[in-house]
Amino acid sequence: MKFPRFEHHTAETVEHAIALLSQYGDEAKILAGGQSLFPMMALRMSRYEHLIDIGRVSVSDRTISESSDGSTTISLACRHSTAEFSAHLADRQPLISAAVPWIGHRAIRSRGTICGSIAHGDPAAELPAVALALDATMTLAGPGGTRKVAAADFFLGTYETATQPDEVLVSINFPEMGPRSGWAFEEVCRRHGDYALAGVALAIRCSVVSPHTIENAAVAMFSVGSVPQRFPDAERILVGIAPAQEAIDQTAETIATMIEPHDDLHGTAEYRRHLTRVLVRRNLALAFERAGFDTLLGNRTRRDLDDAHR
Amino acid sequence: MTLIVNGAECDIAVDDRQTLADALREKLGLTSVHIGCEHGPCGACTVLVDDEPVRACLMLAVQAEGAKVDTVESLAEGEVLTVVRQTLTETSAFQCGFCTPGFMATIAHLLRVNPTPTRDEVRIALSGNLCRCTGYQPIIDAVLLAADRLNGERQQGTNGVDCA
């Protein structure tokens with residue numbers, strides 16, 4: 001359907017965007033890439049009288065930058081396609097690099113933005129799970145100034161985040177992935193680019209001294225609940241030990257029982273639960289391999305993974 | 001608003017809510033831009049904006065202020081799509097033709113950034129374009145055949161002057 005009538009405002013700066021948001025209140029919405037907002041408007045799932053276009057706002061010289069503490073900041077103008085081909089992200093934030101090519105299709109990624117996707121809070125989206133797995137911090141700007149919200153506190157419900165109606169998500173900070181860290185990303189979908197039936201983003205960190213026990217395990221699932229989710233009780237199984245198949249299986253099984261997936265025409269809840277078990281198990285093994293451990297993957301599983309990563 | 005469409009600077013008057021797709025079709029008569037699902041997944045409306053594939057139905061015309069927009073009306077005459085038009089015919093890769101311009105824009109971009117794609121790379125690159133008629137394999141065949149032919153022509157130095 002054609003969009004309903006609205007007034008389009010081009011924000012020059014973040015402050016300008018915030019002023020416009022305050023001026024128009026409930027009737028206004030931030031327009032970043034529009035690749036989630038426009039479909040919702042076309043399908044009449046959303047309707048706003050005023051769109052505040054931040055597509056030409058920049059907060060810094062580079063939309064992807066590294067701080068002195070080794071963390072990476074992605075700011076609001078960063079398109080998915082910029083992130084997709086960023087050498088910095090490939091080197092320093094490989095989990096983000098691995099996830100971005102799964103966001104929609106190339107044409108969507110030309111326009112959609114990293115911050116916009118996270119501010120949108122779709123439980124089936126890749127980046128919210130990545131932000132959770134990396135313990136990212138979101139910076140929100142509003143009339144009262146800026147504030148920071150941890151990823152663990154950011155995703156509140158389907159399309160519901162900690163962003164207040166008068167705030168703009170201006171940047172996301174991803175801590176440095178230290179030495180002896182591992183990561184993995186995988187989603188299952190019928191067509192490459194579809195919303196996932198189930199997806200996992202995970203990051204692990206191990207001690208740099210032998211026997212290299214696991215210091216931190218972050219497993220984030222998406223598309224298997226109304227929000228992307230971490231599982232502290234399951235992740236705890238892995239902390240303090242060296243990677244072992246039994247612990248991996250136990251973690252996968254625990255997570256599979258903790259999720260509350262839904263039935264829909266693309267897949268049943270039970271199928272999503274089954275996918276969760278498989279995804280966690282093989283991606284933990286892959287992450288450990290990336291962290292420098294001997295492979296826990298069978299040859300067949302490695303081939304499946306290579307195919308799955310196309 | 002002003003934008004550069006198929007190489008020509010165009011001044012058009014649009015509503016705030018008018019999509020780039022509708023502006024190209026209705027203000028500039030560029031009916032190769034097809035409106036399919038009008039919310040993103042089908043890809044029939046794909047055009048190139050600043051040389052990148054974009055869903056024209058998910059972009060406002062006003063967001064294209066000052067941008068370079070290329071549709072199949074000009075892309076089809078370029079080096080890449082001239083060959084692709086030939087191979088699409090040879091492999092019977094279009095029937096009703098509704099999806100074809102969207103595929104062509106995607107293919108023009110693909111073969112520019114990756115002149116020697118594998119079959120899997122072609123499949124993934126085209127995954128954002130839906131076709132109800134052909135079953136996709138002939139389209140993929142056509143892209144690979146075109147890539148071979150273009151690379152052969154380039155090696156022999158017999159390629160055309162323009163690039164899509």
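In which sense do β1(A) and strand β3 (residues 50-53) of chain A pair, and over how many bridges? Keep in mind that what you're looking at is a predicted model. In it, β1(A) and β3(A) pair in the parallel sense, and four bridges link them. You can pick out one spot along this pairing: E7(A) sits opposite H50(A) in β3(A).

Now step back to the sheet these strands belong to. It's an open sheet of three strands in chain A, with parallel pairing and the order β1-β3-β2. β1 (7-10) and β2 (28-31) of chain A stand at the edges with a single partner strand each, so one side of each has no neighbour in the sheet. On average, neighbouring strands here are turned by 25° against each other, direction ignored.

Next, let's see how the two chains meet. On chain B, 26 residues are in contact with 28 residues of chain A. The area buried between the chains comes to about 2,400 Å², and carbon and sulfur atoms give 54% of that. In chain B, the residues that lose the most area to chain A are R17(B), L58(B) and Q63(B), together 27% of what that side buries.

K2(A) forms a salt bridge with E38(B), where the closest N and O atoms are 2.6 Å apart.

As for which elements of chain B take part, β4 (52-55) and α5 (119-125) each supply at least two residues of the side touching chain A. β4(B) gives the most, with four residues. Sorted by class, that side of chain B has 10 nonpolar, eight polar and eight charged residues.

Key
Residues are numbered from 1 along each chain as its sequence is written. Chains are lettered from A and ligands numbered from 1 in the order in which they are written. This is a predicted model: local features need pLDDT of at least 70, side-chain atom pairs count only at pLDDT 80 or more; totals for chains, interfaces and linings use all residues. Side-chain values use heavy atoms; hydrogens and water are left out. Contact means heavy atoms within 4.5 Å. Buried area is the accessible area (1.4 Å probe) that two parts lose on being put together, summed over both. A salt bridge is a side-chain nitrogen of Lys or Arg within 4 Å of a carboxyl oxygen of Asp or Glu. Ala, Val, Leu, Ile, Met, Phe, Trp, Tyr, Cys and Pro count as nonpolar, Asp, Glu, Lys and Arg as charged, and the others, Gly among them, as polar. Two strands pair if DSSP finds at least two bridges between them. Axes are lines fitted to C-alpha atoms, for helices over the stretch in contact, and angles run from 0 to 180 degrees between N-to-C directions.
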